[in-house]
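User: I'd like to learn how to read a protein model. Can you walk me through it?

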Amino acid sequence: MLRMAFRAQTVVVDVAIAALAFVCAYLLSPSALPDLGFDGRPSLNIVQLTALYAGFAAVFTALFRRELSPWRYASIPDALVIARITALTAILFLLTVWVVDRAATLPRSALAMAAVFHATGCLALRVLRRAVHEHALGRMAPIPQAESGVQPPALLIIGPPALADTYLRDAARSHDRSYAPVGIVGSDTRDVGQQVRGVCII
């Protein structure tokens, strides 16, 4: 039951972000004033447009099973799926509104901004959740301190940056402060000077 509740909560949050994104985009659009539907015109008002946009977002969020992807493990594939969801939501929403009333009350810039706000909001929450999970927000320096306050032994990582990134990510997740990574030795000179999670490739 708890797992199902958590998954439902994930969908609800994503749909709420979609609705809020559309409202903000609609109100920030310079091409039209909010239509609340009190003038008697047979057209969609802002409430109906928002509900329609959020409804399509809910359908695609459930279709792509976003609730099965924990936020603390958010990755690039998750970002690509979110981008796909926002694009499909915007396209189907536009088609529906065009069929209903020729998009008479939809500002032209609102839909583009809504998709950007929608994707940005969903990604930002997941990045923040992962940062909290990996204690990245409170870590100002790449060299951690041991629990006792004593500086842990320095660690020089030898291998490709991709594997170094995997090790550093796993160490952050497991709160492993046994060593202090001070550098990465790779085989490609083009990577020299770049950083992987705050650790320089030397």
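This is a predicted model: local features need pLDDT of at least 70, side-chain atom pairs count only at pLDDT 80 or more; totals for chains, interfaces and linings use all residues.

User: What is the order of the elements from the N terminus on?

Analyst: They run α-α-α-α-β-α-β-β-β. That gives 5 helices and 4 strands.

User: How many aromatic pairs does the structure hold?

Analyst: It holds 4. One of them joins Phe 22 and Tyr 26: the ring centres are 6.0 Å apart and the planes meet at 40°, so the pair is tilted. Planes under 30 degrees apart would count as stacked, and over 60 as edge-to-face. Both residues sit in helix H1 (residues 2-28), 4 residues apart, so about one helical turn separates them.

User: Is Phe 22 buried or exposed?

Analyst: Buried means under 20% relative accessible area. Phe 22 has 0% relative accessibility, so Phe 22 counts as buried. The rings of Phe 22 and Tyr 53 have centres 5.4 Å apart and planes at 25°, so this pair is stacked. Phe 22 is in helix H1 and Tyr 53 in helix H2 (residues 46-63), so the pair ties together parts 31 residues apart in sequence. Tyr 53 is also buried, at 0%.

User: Which residues do ring pairs link into a cluster?

Analyst: Phe 22, Tyr 26, Tyr 53 and Phe 93.

User: Why does Arg 169 count as buried?

Analyst: Apply the cut-off of 20%. Arg 169 has 18% relative accessibility, so Arg 169 counts as buried. Arg 169 lies in helix H5 (residues 161-173). A polar contact of 2.7 Å joins its side chain to that of Asp 165.

Note on methods: Residues are numbered from 1 along each chain as its sequence is written. Side-chain values use heavy atoms; hydrogens and water are left out. Helices (H or I, at least four residues) and strands (E, at least two) are DSSP runs, numbered from the N terminus. Buried means under 20% relative accessible area, exposed over 50%, partly exposed in between (1.4 Å probe, protein chains only). A polar contact is a pair of N or O atoms within 3.5 Å; within protein, one must be able to donate a hydrogen and the other to accept it, and residues adjacent in sequence count only if both atoms are side-chain atoms. Rings of Phe, Tyr and Trp (its six-membered ring) pair if their centres lie within 6.5 Å; planes under 30 degrees apart count as stacked, over 60 as edge-to-face and the rest as tilted.
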